[in-house]
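We will go stop by stop, with something to click on at each one.

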Amino acid sequence: MSGDAVSGDARQDRDDLVAFFAKRFPDVEFSDHANGAYALDEAKARQWREIEDFPPYEPMIDEGERLFNTAFSNGSGYAACFEHEGIGIKQRYPRFDPDTRQVVTLELAVNHCRELNGESPLSYTGEAITAITAYMAFTSRGQKFDISVPEGAESAFNQGKQFYYSRRGQLNFACSNCHLDAAGLRLRAEILSATIGHATHWPAYRFKWQELGGIHRRFAECNEQVGAVALDHQSEAYRNLEYFMTVMNNGMTLNGPSTRK
Amino acid sequence: MRMAWLLLILACAGPMEISGSADARTPEAHVAHNESVQTVIQTARQKFQQALKLDYAWRVTADLISEAEKRMAAGDTQGAHDAATRALLSAEASILQAEHESRVWRERLPKTATSNVKK
């Protein structure tokens, strides 16, 4: 596991999950879990790889690149807000900001950049922010996740962890009920993916949505499926959840944007 | 497991019967009954807001409150009472779920973990 600044508990949590899934799926390499449920079914993986040859999200990457490179009214641009001019940095998001003591997702950073430059923030449910983050993810493809949990971030990390393991909604399900306890089993025709690898491929083009969407959209959908009232995209609870889940991906290769059923 | 059964029972609970028939009530009793239903709706709303603050609200609660309000507006006091009672029960169950989960969530950590006996 990379990331020297990962607290001992977070590292242990990640190692425990890796060990759990190594035992559950002895024939699946750790790195293959970046492909989600496709790591668990070769026939579905073949279909998925063929879709990825001509991916339906490709035009959105182009649109994201155009938006990313469009100057703000003050002449500045997104590149000025990020290290390495915003290219190849997605694997270090979300990150913990010690000044605000908040988890900063890439979407939040994009809007923060806009506001710093006098632009209005983009809607977290809109196409523009999804396209921009899709382009930024694309430039990070092949990089390994390296999310740190520095001193002061433990609370946010643990809140995300608690969310993941807590039952909610009228159906009384936790994220872990499906993606830990029942990982590899089927819900109707679908195979439930493993917890590790859940944050590698966002934004994702889900065929159910017929468009790209971010990981918070998926959180909201999962919550609604179990009968809970979904939280707002980029709410503190969802950002902490994304933080926990991405730390669990540390060492795994970023492969977004991607497609999922 | 007991918690799961409790929630399942509450979630599946059908409309609650209340004694007497609305048609047989005196005008005074009818007004009192309407006020009682409004109180149940209001209490359900308050509990729902409480669950929202905990990030633990259930969708069905909002649906049932809405249904109770619509039935009340249509003069269906009995139907409004049934829906409001179910809304209140589901809101209370969601708050109970939040309290319960804050205590037991660590039990779901992977069993291979050596670190899970602590905390």
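Start by selecting A:Gly184, which sits in the loop between helix 7 (175–181) and strand 3 (186–187) of chain A. Keep in mind throughout that this is a predicted model. With a relative accessibility of 30%, A:Gly184 counts as partly exposed. Leaving aside residues up to four places away in sequence, A:Gly184 touches A:Phe25, A:Leu40, A:Ile191 and A:Leu192.

**Two cis prolines**

Next, go to A:Pro203, in the loop between strand 4 (190–191) and strand 5 (204–206) of chain A. For another cis bond, select A:Gly256 and A:Pro257, where omega is about -10 degrees. You will find A:Pro257 in the loop between helix 9 and strand 7 (258–260) of chain A.

**Positive phi outside glycine**

Stay in chain A and pick A:His84, in the loop between helix 3 (58–68) and strand 1 (95–97). Its phi is near 50 degrees, a positive value in a residue other than glycine. Is A:His84 buried or exposed? It is exposed, since its relative accessible area is 56%, and the cut-off for exposed is over 50%.

Then move to A:Gln210, in the loop between strand 5 and strand 6 (211–213) of chain A. Here too phi is positive in a residue other than glycine, near 65 degrees. A:Gln210 is exposed, with a relative accessible area of 53%.

**A helix crossing in chain A**

Select residues 154–165 and 236–247 of chain A to bring up helix 6 and helix 9. Their axes come within 7 Å and cross at roughly 90 degrees, so helix 6 of chain A is roughly perpendicular to helix 9 of chain A. Show side chains at the contact: on helix 6 of chain A the residues include A:Phe157, A:Phe163, A:Tyr164 and A:Tyr165, and on helix 9 of chain A they include A:Tyr238, A:Leu241, A:Phe244 and A:Met245. By class, the residues of this contact divide into 12 nonpolar, three polar and two charged.

**Chain A as a whole**

Zoom out and colour chain A by secondary structure: it has nine helices and seven strands. Its radius of gyration is 18 Å, close to the 18 Å that the globule rule gives for 261 residues, so chain A is as compact as a globular protein of that length. Along its principal axes, the C-alpha trace spans about 55 × 45 × 35 Å. Buried residues make up 56% of the chain.

**On to chain B**

Switch to chain B, which has four helices and zero strands. Of its 119 residues, 39% count as buried. Among its contacts between residues at least 6 apart in sequence, 70% join residues at least 24 apart.

For the last stop, select helix 3 (residues 59–73) and helix 4 (residues 77–104) of chain B, which pack at an angle of about 160 degrees with their axes 8 Å apart. That makes helix 3 of chain B roughly antiparallel to helix 4 of chain B, and the crossing is left-handed. Among the residues that meet are B:Leu64, B:Ile65 and B:Met72 from helix 3 of chain B, and B:Ala83, B:Ala87 and B:Ser90 from helix 4 of chain B. This contact has 10 nonpolar, four polar and three charged residues.

Conventions
Residues numbered from 1 in each chain as written. Chains lettered and ligands numbered in written order. Predicted model: local features only at pLDDT ≥ 70, side-chain atom pairs only at ≥ 80, totals over all residues. Heavy atoms only, no water. Axes fitted to C-alpha atoms, helices over the stretch in contact; angles between N-to-C directions. Parallel < 35°, antiparallel > 145°, perpendicular 65-115°, else oblique. Left-handed = near helix turned anticlockwise from the far one by under 90°. Contact = heavy atoms within 4.5 Å. Nonpolar A, V, L, I, M, F, W, Y, C, P; charged D, E, K, R; others polar. Rg over C-alpha atoms; globule rule 2.2 N^0.38 Å. Buried < 20%, exposed > 50% of the residue type's maximum accessible area, 1.4 Å probe, protein only.
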